[in-house]
Amino acid sequence: MRKFGGSLFGVSLLLTVLLAAATAAAEYYNYGNALDKTFLFFEAQRSGKLPAAQRVKWRSHSGLKDGLAQGVSLEGGYYDAGDHVKFGLPMAFAVTMLSWAAVDNRKELSSSNQMQQTLWSIRWGTDYFIKAHPQPNVLWGQVGDGESDHYCWERPEDMTTSRTAYKLDQYHPGSDLAGETAAALAAASLAFKPFNSSYSALLLTHAKELFSFADKYRGLYTDSIPNAKAFYMSSGYSDELLWAAAWLHRATGDQYYLKYAMDNSGYMGGTGWGMKEFSWDNKYAGVQILLSKILLEGKGGVYTSTLKQYQTKADYFACACLKKNGGYNIQTTPGGLMYVREWNNLQYASAAAYLLAVYSDYLSAANAKLNCPDGLVQPQALLDFARSQADYILGKNRQGMSYVVGYGPKYPIRVHHRGASIPSIFVQRSFVSCVQGFDSWYRRSQADPNVIYGALVGGPDENDNYSDDRSNYEQSEPTLSGTAPLVGLFAKLYGGNLGSYGGGSYKPYVTTKPPVISYKATPTTYSPKQSGAQIEFLHSITANWIAGNTRYYRHKVIIKNNSQKPISDLKLKIEDLSGPIWGLNPTGQKYTYQLPQWQNTLRPGQAYDFVYVQGGPQAKVSVLSYN
């Protein structure tokens, strides 16, 4: 009897373990649930007058007068990230990604009852782009001053910062921004064509005009809108011109656009650049895969030779992601996450994962294989890699954390997002000022009062470490460009798993939630080297602007450990500070600040920077103590 009882206990324990494992696995793979939540993030980012069907109830109307000072209505569109600026380039890329999902994953989105949500998310952006394009050669590319906005912490409903609008025209070109907006509108015209043909035609008209504008008057948008440089610096416009041409060819069937992509393939780098990333700034891999579809469908015709060159570079990207590219591969974290950059790395993983899922479909439909330097690869391997990135994002990682807010049992609760971190205007009706937001809400250690469901945060570092800290904006801030590719990715994986536990049953939400290239301003002033032992401070002014009758300055201070030993628990004394400070935490003692907990130690040679904004001269920074 004892033996029987022991065996029964063992069987029971085994079943418990297996059940727990199956439950955990089902949570990782509940793509339907995750898909449903991503749309809520876009609702939370809406600017303008919100519709009656708005499901994110902690938000209200905002930005209703955008553009009026310049004589144009620019109400609507999306706020970019945890801020309240409407940056045109990442917004347009997000709409392109949403539209691509609606086009290539129509079956999956329809089967999950999410096609209508997808179209609503797209249209909130495209309606804004139509307003922003009032004339053939005019595109309003940004609303809001990035500098002043980023140093206020307030709800969108309370905004007091500048809502200056910036435009592109023939004298101030922006081929990258105009080209990406043309691509977004062309892709969106395909998405709406089966459902609203007249709206589809309108989008296509704007797309064609914007492409002509982008091609005829060439230049970087950040040269025409310098305010965007510090946030979304463009590395070039050739990829956006090819990207727009590829989407316009797909939307219209007009050979003019295909010929454009073929004739300019070498000059613009389409057949020359082999890439290991795909993002709001770098579209080459997307162009190469989109044009490879034509070849794989046997429609290359006279352009077959050039299209094969495009596909060679598409294969380069895909093989690099699979680490079968003859040594020229992507970097991954120990946990298997694609790692490109320290700042908001998950945006690159989500975009690459969706792009590979798309390429897997194109190859499979043509019964073709991926030709890698390390051998031929089945298309399924691309989908498996895409799935691995999705699973990592949803919690299959060393932290056991979902990086999609509101999904799973553990997710970020201190998101770098103004609206989420301050109580709703319907809960705390009193005005929350710029500085008050920093003092009362930005620096608090408690969880956000509003859960921003569906937001993909920046994610972990190269060693899979993540600090759930609101001030850790490199890791904790969500973006449009990072979250948008998840719609197509989750839809594809959800559709592929229907009929198994992996598909995941879910209840739809019911309310009762740099490049890539970072711009570094040239320092205008340096303080003399100060040292507390061997700690160096370098002060610089990186921007200035006038509000009212006061000129404000953005001060940047770099703290560098010049010693041979680690320094921890650094306490700083900051005097003559009259404005908000970002990157340090107050200790509770007068004039005393410390580094965030996630950056408590500075290794030998390591630097850390913080910023503050105020009118007049710089504050006085000195060392109080450290270990």
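Tutor: Happy to! In β17, Glu575 has Lys620 as its bridge partner. Keep in mind as we go that this is a predicted model.

Student: Okay, and which residue stands opposite Lys571 in β17?

Tutor: That one is Ser625. Both contacts belong to the pairing of strand β11, residues 571-575, with β17, which is antiparallel and runs over five bridges.

Student: What other strand does β11 pair with, and over how many bridges?

Tutor: β11 also pairs with β14, residues 592-594, in the antiparallel sense over three bridges. There, Lys573 stands opposite Thr592.

Student: So what order do the strands of that sheet come in?

Tutor: The order is β13-β14-β11-β17, four strands in an open sheet with antiparallel pairing. β13 (585-586) and β17 (620-625) stand at the edges with a single partner strand each, so one side of each has no neighbour in the sheet.

Student: Which residues of β11 are on the covered face, and which on the uncovered one?

Tutor: Leu572 and Ile574 make up the covered face, while Lys571, Lys573 and Glu575 are on the uncovered one. As a general point, side chains in a regular strand alternate between the two faces of the sheet.

Student: Nice. Where is the three-stranded sheet, I mean, which strands form it?

Tutor: That open sheet has the order β1-β2-β3, again with antiparallel pairing. β1 and β3 (165-168) are at its edges, each with a single partner strand, so each has one side left without a neighbour in the sheet.

Student: How many bridges join β1 and β2?

Tutor: Two bridges, in the antiparallel sense. Lys86, for example, stands opposite Val143 in β2.

Student: Switching topic: what volume does the largest cavity have?

Tutor: About 60 Å³. Lys86 turns up again here, as one of the lining residues, which also include Phe87, Met91, Tyr128, Trp140 and Thr181.

Student: Which elements supply at least two residues each to that lining?

Tutor: They are β1 (86-87), α3 (88-104), α5 (115-132), β2 (139-143) and α7 (175-192). By class, the lining has eight nonpolar, three polar and one charged residues.

Student: And what about the second largest cavity, what is its volume?

Tutor: Its volume is about 40 Å³. Among the residues that line this second cavity are Ala44, Arg59, Tyr79, Asp83, His84, Pro156, His417 and Gly419. The lining divides into four nonpolar, five polar and two charged residues.

Student: Is His416 buried or exposed?

Tutor: His416 is buried, because its relative accessible area is 1% and the cut-off for buried is under 20%.

Student: Last one, zooming out: how many helices and strands does the protein chain have?

Tutor: The chain has 20 helices and 17 strands. Of its 627 residues, 60% are buried. The accessible surface of the chain comes to about 24,700 Å², and 52% of that belongs to carbon and sulfur atoms.

Student: Thanks, I'll go and find these in the viewer!

Note on methods:
Residues numbered from 1 in each chain as written. Predicted model: local features only at pLDDT ≥ 70, side-chain atom pairs only at ≥ 80, totals over all residues. Heavy atoms only, no water. 1 Å grid on protein atoms, 1.4 Å probe; cavity = no way out; pocket = protein on both sides within 12 Å on 5 of 7 lines; lining within 4 Å. Points joined across faces, edges and corners; volume = space filled by probe spheres on them. Nonpolar A, V, L, I, M, F, W, Y, C, P; charged D, E, K, R; others polar. Buried < 20%, exposed > 50% of the residue type's maximum accessible area, 1.4 Å probe, protein only. Areas by Shrake-Rupley, 256 points an atom, 1.4 Å probe, with all protein chains shown as cover. Pairing = 2+ DSSP bridges.
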